[in-house]
Amino acid sequence: MSQHILIVDDDHATLRLIELGLRSEGFELTTVPSATEALRVLSEREVRVVLTDLNMPGMSGVELCNQVAMAHPDVPVLVITAFGSMESAISAMRSGAFDFVTKPFEIEALALAVRRAVKHHELRAEVRRLRLAVGAGEPTHDLIGMSPTMAEVRSLLTRVAMSDATVLVTGETGTGKEVAARAIHACSKRSSSPFVAVNCAALPEALLEAELVGHVRGAFTDARVSRTGLLVSASGGTLFLDEIGDLPLGLQPKLLRIVEQRQVRPIGSNTEVPFDTRIIAATHRDLESAIEDGLFREDLYYRLNVLTVAMPPLRSRGGDVLLLGQHFVRQAARAASKAVQGISGSAAAALLNYPWPGNVRELRNAVERAVALTTYDSISLDDLPDKIRGYQSRHVIVAGDDLSELVPLEEVEKRYILRVLEAAGGNKSVAAQKLGVNRKTLYRKLAAYGVVDA
Ligand SMILES: Nc1ncnc2c1ncn2[C@@H]1O[C@H](COP(=O)(O)OP(=O)(O)OP(=O)(O)O)[C@@H](O)[C@H]1O
Ligand SMILES: [Mg+2]
């Protein structure tokens with residue numbers, strides 16, 4: 001298939017520079033000097049990705065994004081924006097741009113962004129094909145995000161929704177595991193039946209069991225009437241077992257049996273009641289470590305983990321931080337009846353720079369707070385929490401030769417270990433594997449750094 005890239009820029013020199021660079025990276029290209037010309041090319045031939053400047057005489061890059069989104073919704077548009085003009089990048093994203101690259105850029109970075117956009121194009125085509133195949137509507141509209149990472153998640157959720165198998169949703173805290181579970185339900189054939197959520201960490205063992213399987217009258221002191229358990233009452237629909245990693249050990253073999261046999265025996269009863277409920281479980285815990293530590297049963301893990309959806313951390317979603325940020329600004333402004341409309345350039349840069357250990361939830365809280373505090377019509381750097389405003393990335397290797405900046409080997413080791421742990425989403429088994437040390441060694445080192453277990 002052709003990998004044709006359309007490049008739009010009124011500046012001849014820049015156009016030529018990008019052309020030479022991307023050609024050497026193996027892309028086929030057409031270059032045009034204006035947005036109007038770009039629309040003509042789009043109507044005449046198949047284009048994979050559009051790469052456009054924002055500031056152009058005549059039709060602007062933002063307007064081009066709008067037009068392409070309407071007339072060629074499957075063609076991703078990458079915009080090139082000058083550093084410091086985040087506002088225009090945001091308005092381009094709101095007009096349907098897929099991602100943006102800031103000037104000055106390295107040609108490799110640009111090529112990488114283009115490749116991601118090509119991949120996105122392919123996924124979009126695939127999702128549409130699947131959707132046509134099952135006649136499903138837009139299932140994942142509540143999941144905001146247009147990054148390639150989120151495009152993959154969406155495509156996966158659509159496929160998972162077509163199956164009726166048990167699903168395990170994993171991901172760090174605040175990554176949207178519940179949102180994902182609801183999306184799966186909403187586009188599954190069970191969508192007109194209930195979605196019921198239970199938090200396995202919130203109830204003591206006995207109550208949780210009663211809640212799930214139900215009980216007959218007189219089964220225990222307080223059981224004055226019999227009650228149907230959630231597994232049965234959610235029949236036809238989906239039961240969301242949240243925080244499954246915290247399911248008490250005593251209940252684990254019972255749940256395993258229930259999931260295998262698709263029937264429950266209410267407490268105090270002798271008869272089994274069949275149910276037809278799809279189970280989606282979620283956890284922020286590293287279940288494989290929990291299994292090693294004897295806290296989670298391996299057989300139950302395999303039984304639940306038929307299909308896996310791993311929600312990516314927010315720090316791997318690029319410009320989605322700003323899309324989500326804008327969404328939360330609008331929501332918070334509406335709720336507080338304030339006229340706050342956006343995010344200032346410097347605040348946007350800080351949001352993009354911060355690693356978001358608390359993910360989407362942390363972002364939502366930070367934005368809500370900022371909207372409450374701000375006296376301007378867009379949230380500014382000063383409205384953000386200190387932690388985000390003052391965040392400095394910890395570079396493992398110092399690039400310069402300045403002796404005063406160079407650090408002891410031990411410090412490099414520490415920074416590197418923390419870096420790998422962060423990249424592994426806090427998963428110590430994965431981090432230990434990547435580092436080539438055993439888990440005990442990693443634990444010992446982390447303890448020595450004063451990193452306490454979550
Ligand atoms: N892609 C998204 N688009 C819009 N809102 C999102 C998205 N992801 C998460 N949110 C919002 O962020 C918050 C956290 O999401 P959610 O509760 O699904 O996370 P979680 O992974 O279940 O977190 P935890 O592990 O702490 O339970 C919610 O308010 C949710 O609506
Ligand atoms: Mg949750």
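1. A residue counts as near a molecule if one of its heavy atoms lies within 4 Å of it. On that basis, 16 residues surround ligand 1, with Ile144, Thr173, Lys177, Arg361 and Arg364 the closest.

2. Before going on, some housekeeping: this is a predicted model, where local features need pLDDT of at least 70 and side-chain atom pairs count only at pLDDT 80 or more, while totals for chains, interfaces and linings use all residues. Residues are numbered from 1 along each chain as its sequence is written, chains are lettered from A and ligands numbered from 1 in the order in which they are written, and side-chain values use heavy atoms, leaving out hydrogens and water.

3. Have a look at the oxygen atoms of ligand 1. A polar side-chain atom of Arg364 sits 2.3 Å from one oxygen atom, an N or O atom in the side chain of Lys177 is 2.5 Å from an oxygen, and for Arg361 the distance is 2.8 Å. On its own, ligand 1 exposes 630 Å² (Shrake-Rupley method, 1.4 Å probe), and the protein buries 86% of that.

4. What is the shell made of? Six residues are nonpolar, four polar and six charged. Here Ala, Val, Leu, Ile, Met, Phe, Trp, Tyr, Cys and Pro count as nonpolar, Asp, Glu, Lys and Arg as charged, and the others, Gly among them, as polar.

5. Now the domains, with bounds from an automatic or database assignment: domain 1 (4-126), domain 2 (148-310), domain 3 (315-389) and domain 4 (403-449). Ligand 1 lies between domain 2 and domain 3, because both give residues to its shell.

Methods
A polar contact is a pair of N or O atoms within 3.5 Å; within protein, one must be able to donate a hydrogen and the other to accept it, and residues adjacent in sequence count only if both atoms are side-chain atoms.
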